[in-house]
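Hello,

Here is the structure I promised to pass on to you. Have a look at it first, and then read on for what I found.

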Amino acid sequence: MATEVATFAGGCFWCTEAVFRDVIGVESVESGYIGGTVPNPTYKQVCGGDTGHAEAIRITYDADQISYDEMLDIFFATHDPTQLNRQGNDIGTQYRSAIFPHDADQEARARAGIERAGESGGKIVTTIEPLGEWYPAEGYHQEYWEGEGQRNPYCMAVIPPKLQKLRKSFAARSKAAAPTAA
């Protein structure tokens with residue numbers, strides 16, 4: 001098994017975490033904060049928009065099952081990379097679309113991924129930012145969709161369409177859409 005790590009910010013981390021937890025080859029997804037200047041930020045501080053951090057996810061995956069390029073394609077298809085510092089009603093730099101490469105190869109692939117995403121129209125505003133310090137979000141944010149998110153009206157409105165897009169456009173990559181073994 002070739003374990004690798006990817007770090008993406010695509011708006012609310014509850015939404016991006018829910019999508020990538022359904023991807024075949026993904027071993028774990030952790031919600032957290034990256035790209036800011038305040039050490040050990042809290043959710044409240046990040047939501048205030050003054051720390052510079054993005055709500056992001058850190059994905060540990062098996063590169064023998066899914067490539068970084070495929071991860072990027074899913075990332076671009078399941079959020080709107082043309083919205084600057086927002087996703088829908090979530091507004092602020094903490095909701096920016098950003099990729100935080102772990103090495104030079106990921107950075108080159110991220111640039112190519114932005115090019116691919118731009119071919120379908122619209123100006124991609126996704127940034128490529130230095131990896132920087134990763135701060136895991138508070139415990140109640142982890143695996144949020146599987147628990148509290150099922151009772152959160154915001155999540156109920158936003159996450160199911162993202163999962164439907166994943167399961168339709170990337171059926172071969174979705175755990176839920178994959179045929180079950182008999």
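How many bridges join strand β2 to strand β3, and do the two run parallel or antiparallel? There are eight of them, linking residues 26-34 of β2 with residues 54-62 of β3, and the strands run antiparallel. Please keep in mind throughout that this is a predicted model.

I started from that pair, and two positions along it are handy for finding your way. Tyr33 sits opposite Glu55 of β3, and Gly32 has Ala56 of β3 as its bridge partner. On its other pairing, β3 meets strand β1 (residues 3-10), again in the antiparallel sense, this time over six bridges. There you can pick out Glu4, whose bridge partner in β3 is Tyr61. As a reminder, strands of a sheet pair through backbone hydrogen bonds, either parallel or antiparallel.

β3 is also mostly covered, with eight of its nine residues buried. Leu131 lies 71 residues from Thr60 along the chain, and the C-alpha atoms of the two are 15 Å apart.

Now the sheet as a whole. Six strands make up an open sheet with mixed pairing, and their order is β7-β6-β1-β3-β2-β8. The edges are held by β7 (127-128) and β8 (135-136); each has a single partner strand, so one side of each is left without a neighbour in the sheet.

Stepping back to the overall fold, the protein has five helices and eight strands. Along the sequence they follow the pattern β-α-β-α-β-α-β-β-β-α-β-β-α. The radius of gyration is 15 Å, close to the 16 Å that the globule rule gives for 182 residues, so the protein is as compact as a globular protein of that length. Along the principal axes, the C-alpha atoms fill a box of roughly 50 × 40 × 35 Å.

- Of its 182 residues, 44% count as buried.
- Taking contacts between residues at least 6 apart in sequence, 76% join residues at least 24 apart.
- The protein exposes about 8700 Å², of which carbon and sulfur atoms supply 52%.
- There are 16 positive and 25 negative side chains, and the centres of these two sets lie 6 Å apart.

Which backbone angle is positive at Asn40, although it is not a glycine? The angle is phi, at about 50 degrees. Asn40 is found in the loop between β2 and α2 (43-47), and with a relative accessible area of 59% it is exposed. Asn85 has a positive phi as well, of about 55 degrees, and is not a glycine either. You will find Asn85 in the loop between α3 (68-77) and β4 (86-87). Its relative accessible area is 25%, so Asn85 counts as partly exposed.

Best wishes

Key
Residues are numbered from 1 along each chain as its sequence is written. This is a predicted model: local features need pLDDT of at least 70, side-chain atom pairs count only at pLDDT 80 or more; totals for chains, interfaces and linings use all residues. Side-chain values use heavy atoms; hydrogens and water are left out. Helices (H or I, at least four residues) and strands (E, at least two) are DSSP runs, numbered from the N terminus. The radius of gyration is taken over C-alpha atoms; the globule rule is 2.2 Å times the number of residues to the power 0.38. Buried means under 20% relative accessible area, exposed over 50%, partly exposed in between (1.4 Å probe, protein chains only). Contact means heavy atoms within 4.5 Å. Accessible areas come from the Shrake-Rupley method with a 1.4 Å probe; for residues, only the protein chains shown count as cover. Lys and Arg count as positive and Asp and Glu as negative; His and the chain ends are not counted. The place of a charge is taken as NZ of Lys, CZ of Arg, CG of Asp or CD of Glu. Two strands pair if DSSP finds at least two bridges between them.
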